[in-house]
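User: Hello! I am just starting to read structures, and I would like a close look at one part of this one.

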Amino acid sequence: MPLLDRHGAKAEIWTRSEGAAIDNLSHALVDWAALPEALAQKTRDQRIGVVIPNTVRIPELKLLMRQLSLIAISFPSFGDGRGFSLARLIRNHGFTGTLRASGPLIVDQFAYALACGFDEVELPQASAARQPVEQWVNALGQISHGYQRGYGDSGNILDRRRSARLKHAAAG
Amino acid sequence: MYRYDEFDERFVRERVAQFRDQVGRRLNGSLTEDEFKPLRLKNGVYLQLHAYMLRIAVPYGTLSSKQMRQLALIGERYDRGYGHFTTRTNLQFNWPKLRDIPDILDLLADVEMHAIQTSGNCIRNVTADHFAGVAQDEVEDPRPTAELIRQWSSLHPEFDYLPRKFKIAVTGAEHDRAVIKAHDIGLRILRHPDTREIGYEVIVGGGLGRTPMIGKVVREFLPKADLLAYLEAIMRVYNLEGRRDNKYKARVKILVHEIGTEEFSRRVEEEFARLDGPSVNADPAEVARIAAYFAPPAYETLPAISGAFEAARAGNPDFARWVETNLTPHRQPGYAALTISLKPIGAPPGDATSEQMRVVADLADEFSLSEIRVTHAQNLVLPHVKLSDLFAVWQRLGEAELATANAGLITDIIACPGLDYCALATARSIPIAQALAQRFADPVRQKEIGVLNIKISGCINACGHHHVGHIGILGLEKRGIESYQITLGGDATENAAIGEILGPGLAAEDVPDAIERIVSVYLAQRQSGESFIDNVRRIGLAPFKAAFQEVSHAVA
Amino acid sequence: MAAAKRPALPVILLANDLLDGDVVFAAGDTNGLHWSRDPGAALIGDDDATADRLDAFAAAELGNQHVVDAYLVDVAIEDGVPVPRHYRERMKTTGPSIRRDLGKQAELPLAQAFLRA
């Protein structure tokens with residue numbers, strides 16, 4: 001399935017495993033149900049990624065995060081925004097691996113996904129066919145700065161106002 | 001009032017360009033209608049029965065005369081020369097074309113306005129007390145808080161795809177004129193009983209519609225500085241745990257009801273405790289920057305009594321009557337806040353023509369420091385009028401059919417657009433309002449009845465707030481014709497209550513008689529100047545149900 | 001998306017124009033269908049074959065971004081004019097009851113026929 005990040009189309013390095021059959025794959029992507037078994041089998045140079053439904057709770061995930069290189073959060077529909085909060089919580093709890101949003105997102109959610117901590121989006125074929133990669137990358141530039149503090153890295157309006165105030169005070 | 005800085009200005013301009021691009025992607029098939037719909041809703045664009053509808057945000061019900069003039073111009077250039085003020089203090093145009101809406105949004109951006117998030121499953125327009133800043137019973141002006149929340153909630157990356165719509169209201173007085181207990185989040189500004197510090201009482205889980213509920217207090221005192229972090233905690237709990245399986249069970253009120261107030265509160269506090277306040281909250285300097293825009297204007301120092309005003313009142317009974325109903329006492333001596341009724345007898349409630357909008361804008365410039373308010377009762381307010389100017393203002397209002405002396409009375413009816421316009425409606429609401437206003441038009445009779453809030457909704461979604469009307473009317477369908485259910489005893493103030501159904505639905509032509517019977521029960525039973533709602537509370541519903549049954553059997 | 005149950009015949013097809021929002025009605029004949037803003041011009045689907053044609057037209061027109069919210073509406077024929085049975089759909093053929101100066105009732109002579117006392 002087509003994969004992209006803030007720079008555009010991205011090559012997929014992960015292989016979807018059947019159950020916990022990670023064999024000696026360098027990057028094995030397993031379902032949530034198969035994760036404990038997969039982690040038990042994993043060798044030192046293997047990377048494990050997991051696909052989770054958007055109903056998973058942070059307490060269930062917290063202790064496993066250290067062993068994961070990728071967490072893919074499922075979006076059953078683009079209107080189901082639970083993944084945004086889940087991503088935020090996952091980042092807040094210290095996950096530094098790759099966060100993937102997986103589902104029929106629309107272009108106009110891309111900036112939100114990145115701001116909430118996602119690195120990449122994986123789309124169903126039909127979705128990707130209608131929304132070429134250029135539209136995704138374009139969408140990122142549409143709103144220069146948001147109001148909310150602590151989301152994304154482009155510098156929010158409240159902090160920019162604060163910097164301007166401090167600069168003004170220093171100069172004056 | 002708030003003025004955009006370069007950041008606010010760029011934000012709304014970019015939003016317009018983004019919507020233009022979204023329309024383009026809809027037209028070329030990149031976006032399906034299902035995908036485009038929430039995007040257009042989040043720019044206030046509905047598809048109604050006859051046409052699109054554009055809902056323009058009037059943040060916390062405050063407008064400048066310049067903004068009002070722009071609305072008048074948009075109405076003329078792109079619509080049919082009139083607009084409708086809503087129960088969430090927004091302005092709706094009923095006939096715009098989708099092809100024109102990006103241009104309309106640009107015209108709005110020219111005057112620091114927008115239609116951002118006035119619909120959709122996101123945080124909606126934050127409403128407040130329409131007498132903010134001027135009411136005598138106010139602890140603190142709620143509008144700086146509302147403006148801060150407006151900015152924080154706009155295009156919030158985490159909370160733009162909620163289970164359902166989310167409505168926030170703020171009041172700064174003990175008497176609640178902002179219906180905060182019927183909102184998803186209601187905030188009441190108060191002073192801590194011991195420290196006297198300013199903070200918020202936080203109420204969650206109010207809402208009308210299919211399952212009306214009064215909001216519950218989840219935090220008795222929240223320090224002012226912690227506002228955004230606490231809101232973030234509430235929204236995160238709701239976003240993760242609100243139901244997504246059933247559209248009619250998806251509001252936060254259902255979550256609060258299903259897990260209980262205590263458990264909901266516990267989850268919010270747990271998340272709130274985890275957050276790092278300093279990196280989430282607005283810093284005090286930003287809060288102060290916003291608050292400065294709402295500082296009291298440069299009032300003149302005037303005596304509390306105006307000889308000219310008293311003389312005009314004594315000399316003109318019509319003026320005296322309008323003063324009695326439409327004037328609200330002001331904190332500043334020598335001033336008053338006046339209500340411009342948009343409920344002339346027989347007209348659609350809450351509508352104003354472009355000409356009328358310009359009259360209001362001109363009067364605001366001349367007599368109200370260029371400021372106008374919109375109320376949730378679908379009326380307008382001029383908040384800073386000198387007593388000595390009132391007579392002149394009243395005369396000018398009269399020339400434009402804006403001087404109806406019925407604020408708060410039985411003909412000051414709230415009605416949603418209903419089936420005449422709305423694709424969601426099950427019955428018409430406006431003709432019911434018109435018939436009732438005509439039945440009770442006599443000013444002497446209106447005065448005798450006193451304060452009586454009738455609220456009419458054309459469907460179960462309750463945009464007319466019928467659940468919290470003293471008398472509520474809900475338009476449904478029964479066997480292929482419109483049928484109206486009457487409720488009694490609702491209250492939209494700090495004594496919030498949901499009305500109870502009196503009996504089976506009535507045909508449209510029987511509604512005025514039914515209301516007459518209800519009113520006559522009240523007049524027969526009231527004690528020493530007791531208001532309608534106080535009377536209902538004292539004597540209970542039984543006498544009214546009995547009277548209603550007589551009507552309902554007579555027409556069956 | 002599950003197909004809604006077809007309403008009782010005879011039917012007409014209505015929708016809203018995507019760019020303008022106006023209510024439009026499928027009109028025409030065996031040679032072809034087009035959209036008309038005039039309810040009086042609506043093609044009457046009085047058999048399954050015609051109703052099928054209307055359905056197919058709806059699907060095509062939704063797919064090529066011309067209209068939104070297209071659906072069949074059951075009608076009664078009065079003096080040759082197809083009048084929607086339900087009062088909500090009748091409202092779409094006239095305009096707001098409280099502003100007779102707005103909408104189709106004001107703009108189109110044939111729509112006057114849809115006004116009920």
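This is a predicted model: local features need pLDDT of at least 70, side-chain atom pairs count only at pLDDT 80 or more; totals for chains, interfaces and linings use all residues.

How much area do chain A and chain B bury between them, and what share of it is on carbon and sulfur atoms? Please walk me through that interface in detail.

Analyst: Happy to! Residues are numbered from 1 along each chain as its sequence is written, chains are lettered from A and ligands numbered from 1 in the order in which they are written, and side-chain values use heavy atoms, with hydrogens and water left out.

Now to your question. Chain A and chain B bury about 4000 Å² between them, and 52% of that is on carbon and sulfur atoms. Buried area here is the accessible area (1.4 Å probe) that two parts lose on being put together, summed over both. The contact draws 38 residues from chain A and 49 residues from chain B, where contact means heavy atoms within 4.5 Å.

Let us turn to the charged pairs. The rule finds 11 salt bridges across the interface of chain A and chain B; a salt bridge is a side-chain nitrogen of Lys or Arg within 4 Å of a carboxyl oxygen of Asp or Glu. Asp8(B) makes a salt bridge with Arg161(A), and their closest N and O atoms are 2.9 Å apart.

Polar contacts come next. There are 30 residue pairs in polar contact across the interface of chain A and chain B, both residues being at pLDDT 80 or more. A polar contact is a pair of N or O atoms within 3.5 Å; within protein, one must be able to donate a hydrogen and the other to accept it, and residues adjacent in sequence count only if both atoms are side-chain atoms.

Which parts of chain A take part? Helix H3 (82-92), helix H4 (110-115) and helix H7 (157-171) of chain A are the elements that give two or more residues to the side that touches chain B. The largest share of that side, seven residues, comes from H3(A). Helices (H or I, at least four residues) and strands (E, at least two) are DSSP runs, numbered from the N terminus.

Finally, sort the residues by class. The side of chain A that touches chain B has 14 nonpolar, 13 polar and 11 charged residues. Ala, Val, Leu, Ile, Met, Phe, Trp, Tyr, Cys and Pro count as nonpolar, Asp, Glu, Lys and Arg as charged, and the others, Gly among them, as polar.

Chain B also meets chain C: 24 residues of chain C are in contact with 33 residues of chain B.
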